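Student: Hi! Could you walk me through this one with me looking along?
Tutor: Happy to, here it is.
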Amino acid sequence: MYVGQPIRRREDFRFLTGRGTFVDDVQLTQPILHAAFVRSPHAHARIKAIRTDAARKMPGVHTVLTGADWLKAGYGEAEGVWPVNDRSGKPARTVNRPFICVDNMVRCVGEIVAMVVADDRHQALDACEAIEVDYEALPANVVTAKALDKGTPLVHPKFGTNEVLESYHGNPEVVEAGFKKAHHITKLEVPTNRVTASPIEPRAYMGHYDVMNDRYTVWTTAQAPHIVRQYFTKSLRIDEHKLRVIAPDVGGGFGMKLYHYPEEPLALWGAIVTEHPVKWTGTRSECLMGDTHARDHYTVGEMAFDKDGKILAMRFKTLAAFGAYESQWQASITNAYHFTMLSLAYDIPGIFTEVKGVYTNCTPVDAYRGAGRPETVYQVERLIENGAKEMGMDPFVLREKNAIRPEKIPYTTAIGITYDSGDPPELFRKMRVLAKYDALREEQKKLHAQGICMGIGICGFFDMAGAGPVKMMNDLGAKIGCYDVASVRVHPSGKVTVFAGSHSHGQAHATTWTQIAADRLGIDIEEIDLVEGDTDRVPFGIGTWGSRSLSTAGMAVVAACDRVIEKAKKLAAHMLECAPSDLVIENGQFIVKGTDKKIAFAEVTNAAYHSGDRPKGLEIGLEETAFYDPTDCTYPSAVHLCVVIVDPETGRVTLRDYFAVDDVGRVINPMVFEGQVHGGCAQGIGQALMEECAYDPSSGQYLSGTFMDYAIPHSTDIPSFGIESHTTLTPSNPLGAKGGGESGTIGAPACIANGVIDAIWHLGVRQISQPMTPKKIWHALQSAKAGR
Amino acid sequence: MYAFNYHRPSSIAEAVKLLKASSDGRCLAGGMSLIPTMKHRLASAADLIDLNGIRELAFIRREGDALVIGALARHVEIADSADVKKSIPALAALAASVGDPQVRNRGTFCGSLCFADPAADCPAGLVGLNGTVITDKRRIAADKFFNGLYETTLEKGEIVTGVSFPIPEKAGWAKFANLASRFAIAAVMVAKTGGGVRVAVTGAKASVFRVPEMEAALAKNFSAAALDGIKISPDGMNNDLHGDPDYRAHLVSVMAKRAVQAATA
């Protein structure tokens, strides 16, 4: 059996030796031209003139294109894959993110105003500097909490408001009743900071138009190549069969690489205009500014407890920033993944949430690892933590008391989502042992007596992973069918190529998908290769995001392998003169149960193509494709616990320990899964303690445009992790596997925030917004001191 | 990056000649500040004069009562040098706190002085330890070297060849690093030398500065407790995402105490 083994990642040899092939590495026989962009330095401005004459005459310049040229070409828009709808019945006020400024208005820093295509990057950048743009700067709106205030500048004046949509979810009557009979009510402002994914590989695109064959090719840093091809049918209006999209090695996506960014169609447009391949590789600054940002919710919440600490109800009001435009998957957050998971790991009778989407003069917001759920866990867990402390109860015990009992699962939350499997009390029990919780509390008392501010943070939650099913996701607003696909092509020699509609940009599918296939086919893993990321080779797939690949594409691999085996058994049975049901497959052989009669896998596969002697009606060949639509999402669950030390003199937080007990059902490769938890936690640590896409509130200037100001965790900021699993299988797929890609980013921000507050609660601090930077923590301590 | 001419002289004299001949020349040692700034198109040079071919500048040595560091000595070499650790451990600690391993492997102490970044660590090392900058034609005292934000008193065509430090009785380094850049939000070098006590702060204002009240208090009593009650004014302190003037003023006090503790540990 390969499944369940920590097999080394088959892709690592090329990555660790620096020999991957990323978009920027792709070489062609023709010379490649380079695109560079003139971007708005203003958060909000009217363009009065663009002068490009000087730039056109610069050395190496092939073309200069602006929004006027775009309009002339009659191109289209970046239409939503997951467009917003307004559940109150009003039309959502959608404005798609433009590729290039076409209406002489720029609405966020970094918006593209002009493109230069030149022989090399430096020439293209030189020419960009020679383009003169006259801007009339306008007042900007960059503070989410104030977006709907009177007098706030309007991003799109035609709507008369910055509100995009309004939606309500939950059972308000139960909530009302809960608050009425509450013994204790906790109220907090719980905003979630604006961050961005910052993958190691910046976005990059190369477009090529083959005039002779009237065929287009785009190499792209994408997570879902077929979706990219579909975007192009709307943007550059290219017929789907004419375009090949290749997503080669991609260095991290985290959801952020799902979108039809401006530079993607612009690079191909440049290629069409110049009849040369055109490439753009983003600089880190361009990416920090132009990659979709994430989170940025301004939320106020209240939680009602009874006298024993049972949570009766909670209610929230959220302003969810969209940025200046709607990015293509925005509503996967506001309309699908945010509110749905509010019950976390707890049995909470009453939940109500009001969400208003708002436009601001900032980079568009879209899904990033966790998409909506980090916000959800943070807003609920902060209330639980403070509620427990205000009531004088142990926060761990209070959580255990509210955890959903296993006998109540399947459990339908007050929001209406049904958790199909899991055992939260067991996760808490395992965590208590793993982290030595009781000893930690003892240690905390001692350290506090010595003036050392040690804190313990806790959180517990369910995740919604594995989108689809198609129908359920359609109902939640998706315009794409959330199935996935795999083809298993068995070659005559018995070697196998698997083609999957998923895309690995760090997930190690070349290892895990072949582990699954090797077990299913009963052959050695070295005899199987995986192909992903090429729309000319792989059937139409939906790609990798939302911790979905295993429970969709992975299950399609299972289904396609099973079909291959079913057919191969018919042939093998014919060759061995037995019934197919008499056969078992082991170590590359079909064996007649209970006998020594057997035949090699490769002999059967050869016969499948080359032998005329086969059962009546059995088609030649051995290749199967399965489109897999799961019966449900998957609902992984987890409990996280951390230990922090806060230096009260400087406000600096040291993360001493981090523990996670996860239930992700069947684990294909425990090493790969642990890597997912580590990486997710690192990004969650960043969100909690240091990452922030910051805008100057008065000028709208973007302040975190380089890694000198945008802080991501260094390896030295990350502790060793203590990780354990508790496995309950989901009934929604044949392997019982749930998604494991997002637990870290979902849990860590809340967990760490609770730890920091726990460390300095005795000094009077009750809440600090994230990121909990040393500066903010120090100021909070000063305010608490002044207030005492 | 804008186009430039690249030169790699093999002697100081040749480098000086190239620098003087250029309308807009800059010297390159480690390049850990200059190159990223050029890549961002925030700096440019008609001529880039790479000093890395002048091997005589790559040294760290004791010269009598002084520790002398050549213009090509990398941070990592200073941090690991037995001579430095023995004579001025605080300087080794400072070098070990610069940037990250990649920066320390390439970047140089003297290059950092010449770049005069307000948040760089090395300026506080120079001023706190009362070092002397050695150029191709003169010696410049620490207190006369910096001239505000990114400015020094070097003349056109003058090349720093090294820096010399007297050996202090005691010295201590404490740094509070920016989580993003790992530059100093506030960092302090404290030294007790034959010529008195010096307290130099970097990261907090437009340029490195000394704190006379602290120096006076420490001259009487070289202990962290001697700094109790000395208020640092937030006036003139930098204000950015990572620290406002009040916070920085507070950090100067905290880091000064920790530097004294390090010096007396």
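Tutor: One term before we start: two residues are in contact if their C-beta atoms, placed from the backbone, lie within 7 Å. Also, keep in mind that this is a predicted model.

Student: Got it. Leaving aside neighbours within four places in sequence, which residues is H260(A) in contact with?
Tutor: H260(A) is in contact with A78(A), V228(A), Y231(A), S235(A), P265(A) and Q328(A).

Student: How far apart are H260(A) and A78(A) in sequence and in space?
Tutor: They are 182 residues apart in sequence, and their C-alpha atoms are 6.5 Å apart in space.

Student: Where does H260(A) lie in chain A?
Tutor: H260(A) is in the loop that runs between β12 (243-246) and α7 (263-274) of chain A.

Student: Is H260(A) buried or exposed?
Tutor: H260(A) is buried, because 26 C-beta neighbours fall inside 10 Å, and the cut-off for buried is 20 or more.

Student: Switching to chain B, how is it divided?
Tutor: Chain B has domain 1 (1-49) and domain 2 (58-264). The centres of these two domains, taken over C-alpha atoms, are separated by 25 Å.

Student: And how many residues are in contact between those domains?
Tutor: Twelve from domain 1 of chain B meet 16 from domain 2 of chain B. On the domain 1 side, helix α1 (residues 12-21) of chain B gives the most, with five residues. That side has eight nonpolar, three polar and one charged residues.

Student: What about chain B with chain A, how many residues are in contact there?
Tutor: Twelve residues of chain B are in contact with 16 of chain A. Helix α10 (residues 245-264) of chain B supplies the largest share of the chain B side, three residues. By class, the chain B side has eight nonpolar, three polar and one charged residues.

Methods: Residues are numbered from 1 along each chain as its sequence is written. Chains are lettered from A and ligands numbered from 1 in the order in which they are written. This is a predicted model: local features need pLDDT of at least 70, side-chain atom pairs count only at pLDDT 80 or more; totals for chains, interfaces and linings use all residues. Domain bounds come from an automatic or database domain assignment. Helices (H or I, at least four residues) and strands (E, at least two) are DSSP runs, numbered from the N terminus. Ala, Val, Leu, Ile, Met, Phe, Trp, Tyr, Cys and Pro count as nonpolar, Asp, Glu, Lys and Arg as charged, and the others, Gly among them, as polar. A residue is buried if 20 or more other C-beta atoms lie within 10 Å of its own, exposed if 12 or fewer, and partly exposed in between; C-beta atoms are placed from the backbone.
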